[in-house]
Structure formats: C-alpha cells, structure tokens
Amino acid sequence: MKAVLVGNFDCIENIAIKDVAKPELSVGTVRVRIQAAAVGFVDGLKVQGLYQTKDPLPFTPGSEFAGVVDEVAAGVNGFVPGTPVIGMVTNGALAEYICVPPGDLFVRPTGIEPEVGASFFANYHTALYALSARGKLQSGETLLILGAAGGVGIAAVQIGKLLGARVIAAASTEEKRQFAIGYGADAGLDYTRDGWREELKELTDGHGADVIYDPVGGDLSLQAFRSIAWNGRHLVIGFASGTIPALRFNLPLLKGGALLGVDLAQIGRREPDVRERVIAQLFTWLSEKTLVPVVGKVFAFEEVHEAFEAMTTRSALGKMVVRIG
Ligand SMILES: NC(=O)c1ccc[n+]([C@@H]2O[C@H](COP(=O)([O-])OP(=O)(O)OC[C@H]3O[C@@H](n4cnc5c(N)ncnc54)[C@H](OP(=O)(O)O)[C@@H]3O)[C@@H](O)[C@H]2O)c1
C-alpha cells in the first residue's frame, strides 16, 4: 500500500509517499481502508520535529481519517467489512490502510462524505467540550473566537452559533473574517489592528466578551483577557502563535474572570461521561445535518506536502484534507 513517510525533519518538501507493507490485522483490531485524512496544526509541527514529543523516524503522520472497514479481527463487535467509519489516532492516518482498536472508531452517519468525516472529530469535539463543559456558554452570551478561520476556530464558530451565542470572529485577514462570517459568525474583528479592543467594546456595547475561545496565545491572549466581561471565561485551547502567554493574577481578580484549560487528549480519561455526552451530541447534529463540518481545502494524495505547507504558513482556511484512494 501507499503511505506518507517522514524520513527526517528537515523540510516539508521532502515528505514522500512510499510503498510500504499493508498493516496486518492483529488481535482486537479493525483494519480500515482510508478514503480521506486531515492535516491539522499538530501534524504540521510533528513533521517538522517541532512538537513537544518527537516521533521516532520514519513515521506516517495523520491523526484523523474517514474510511470503510476492510477487515475485523475475530471477537471484535460493532463493525463489519464495508461499515463507513470516522477514526482518530496518534499517527498513521495518511496511508491507504490502518489497523486500530475499535475504541478509536465511530460509525460514520449515512450521507457524510469521507472528506467531511475526516474534518470532524478533533476540532468539533474540542469546540463543544470547551464551550459547553468548560465555558458554560449560555444562549445570548457573546463569544469572541481568536483565530476564527483556523481549523479549531471555525468549528467553534459553528458550535457557538448552535449554542445560541453571538459570535465575534477575530482573524488576521479580510478573507479569513469573511470565511468565518460565511459559517455563521455575527461580526468579524481584525485583531492585528491597533485599537481592536476598542472595536470589540463597541461591538459588545461596552460589555466585553462573556467567553473567549483562544487557540492563538501570545500577547493577543493577554490583550483579549483585558476585554473579558465580568464573570467571563477565557478558554485556553492552544498556542498557534508559538508563544505561551503569562497572565498576571491581578487581571482575573479585577475582571472577575476565569482562565480555563481545555485538553482534548485528557477528556476521555478524566471525564469519560462528559466525553460520551459531547460525542453523542456531535453525532446527533452530524446525522441530522444540523452541523455540517467545514472542509477547508481538499488535496489529492500526491499533493500532501501542500496540505502541510498550508498548515505551516498560516494560510489555511478551516481544516486541510487529503483524499486517499
Ligand atoms: N486544546 C486542545 O485540545 C486542542 C485541540 C485542537 C487544536 N488545539 C490547538 O489549537 C491551535 C490551533 O490549531 P488549528 O488546527 O486550528 O490550527 P490552524 O488551522 O492553523 O489555525 C490557527 C490560527 O491561529 C492563528 N495564528 C496566529 N498566529 C499564528 C502563527 N504564528 N502561526 C499560525 N497560526 C497563527 C491563525 O489565524 P490568523 O491568521 O487569523 O491570526 C490561524 O488561522 C494549535 O495550537 C493546536 O495545537 C488544541
């Protein structure tokens, strides 16, 4: 089979598709024929060796995929060959086949295309968990989303609207702001402009943002926190800017505001019931088509390094997806 193989960390251009052995079905696993895989921010860091953990070389990147069950090991229930699925793994999704435990798979609802399925799980799970379980976002509240046109940002735009919030989409370019408005944001905000906090104040009639969803970090986070409403919640999602900000404790005191961390990787272990509820809600919305996940750009398998390039040059709108097979 064909798989993306990262042989060194020196250059995205060198990421190659190679012929490798089709993975053997082992005890307790399901083999999936992958139809589409997503490339996210963390994948972009991993292939450059910039992520907090380095994968032993060579490795196949890609953590989210959609495909069809190919074969099921004896004794594994819930899946049969031909079942359309969505999956999430640590690595290995940018390949024609993958073997995974059934716990990493979900049945893909009827009518959900592979590209949509591959764009779905991590970003929408993060957004709904963050906004509902952590941020307790209420209908009618104002939600400020930083990096609103990125993968995890645009998911929050859609989920925020589904939860009844007034959504302000902050992004660096007019194209990105219009992209977010196109997916339901009520207003755009150019956070690269001096005086953007004044504009936010006007947009909220002086109230500030009840919830701030922050996948960007850096100085921007500190500025945003200064514009939080009384009893506001600032959700720490990530640090796409590359800088982890340090907030002085007097600010939460003066603002009556809270800083809340969100880590998708730990929800299953720490809050299994909440995770189950969040996933059930997402799959209900997905099946009903109440939620149609944003597919940013679809690349052919041979163009995979272009998907990585988009993730590492701040140019991606939504989630980058690679079609396989
Ligand atoms: N906590 C969790 O469980 C969780 C889950 C998923 C993702 N994340 C994290 O969330 C962050 C964003 O992920 P993503 O997939 O949404 O990435 P993305 O699609 O690349 O979006 C990130 C956004 O951040 C903004 N940004 C500002 N400075 C940037 C810089 N120097 N380089 C790149 N982007 C910059 C960009 O918007 P503008 O150009 O508009 O500024 C960009 O659209 C990452 O740190 C990721 O690890 C965390």
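This is a predicted model: local features need pLDDT of at least 70, side-chain atom pairs count only at pLDDT 80 or more; totals for chains, interfaces and linings use all residues.
Two aromatic rings of Phe, Tyr or Trp count as a pair here if their centres lie within 6.5 Å.

Across the whole structure, a search turns up 6 aromatic pairs. Take Phe120 and Tyr124: their ring centres are 5.8 Å apart and their planes sit at 25 degrees, so this pair is stacked. Both Phe120 and Tyr124 are buried. Elsewhere, a ring meets a charge: the charged end of Lys22 sits over the ring of Tyr97, 4.3 Å from the ring's centre.

Now for the sheet. Its 6 strands make an open arrangement, in the order β10-β9-β8-β11-β12-β13, with parallel pairing. At the edges stand β10 (187-190) and β13 (258-261); each has a single partner strand, so one side of each is left without a neighbour in the sheet. From one strand to the next, the twist averages 20 degrees.

Look inside the sheet and you'll find β8 (residues 142-146) paired with β11 (residues 209-214) in the parallel sense, over 3 bridges. Leu144 has Ile212 as its bridge partner in β11.

| Helix | Strands involved | Direction |
|---|---|---|
| α3 (residues 121-134) | touches β8, β11, β12 (228-236) and β13 | about 150 degrees with β11 |
| α4 (residues 151-162) | lies across β8, β9 (166-171) and β11 | about 170 degrees to β8 |

Finally, a look at one residue in another strand. Ile98 belongs to β6 (residues 97-100). Is Ile98 buried or exposed? Its relative accessible area is 7%, and a residue under 20% counts as buried, so Ile98 is buried. What does Ile98 touch, leaving out residues up to four places away in sequence? Its contacts include Pro23, Val30, Arg31, Val32 and Ile34, and also Phe65, Val89, Asn91, Gly92 and Ala93.

Methods
Residues are numbered from 1 along each chain as its sequence is written. Side-chain values use heavy atoms; hydrogens and water are left out. Rings of Phe, Tyr and Trp (its six-membered ring) pair if their centres lie within 6.5 Å; planes under 30 degrees apart count as stacked, over 60 as edge-to-face and the rest as tilted. Buried means under 20% relative accessible area, exposed over 50%, partly exposed in between (1.4 Å probe, protein chains only). A charge sits over a ring if NZ of Lys or CZ of Arg is within 6 Å of the ring centre and within 35 degrees of the ring normal. Two strands pair if DSSP finds at least two bridges between them. Helices (H or I, at least four residues) and strands (E, at least two) are DSSP runs, numbered from the N terminus. Axes are lines fitted to C-alpha atoms, for helices over the stretch in contact, and angles run from 0 to 180 degrees between N-to-C directions. Contact means heavy atoms within 4.5 Å.
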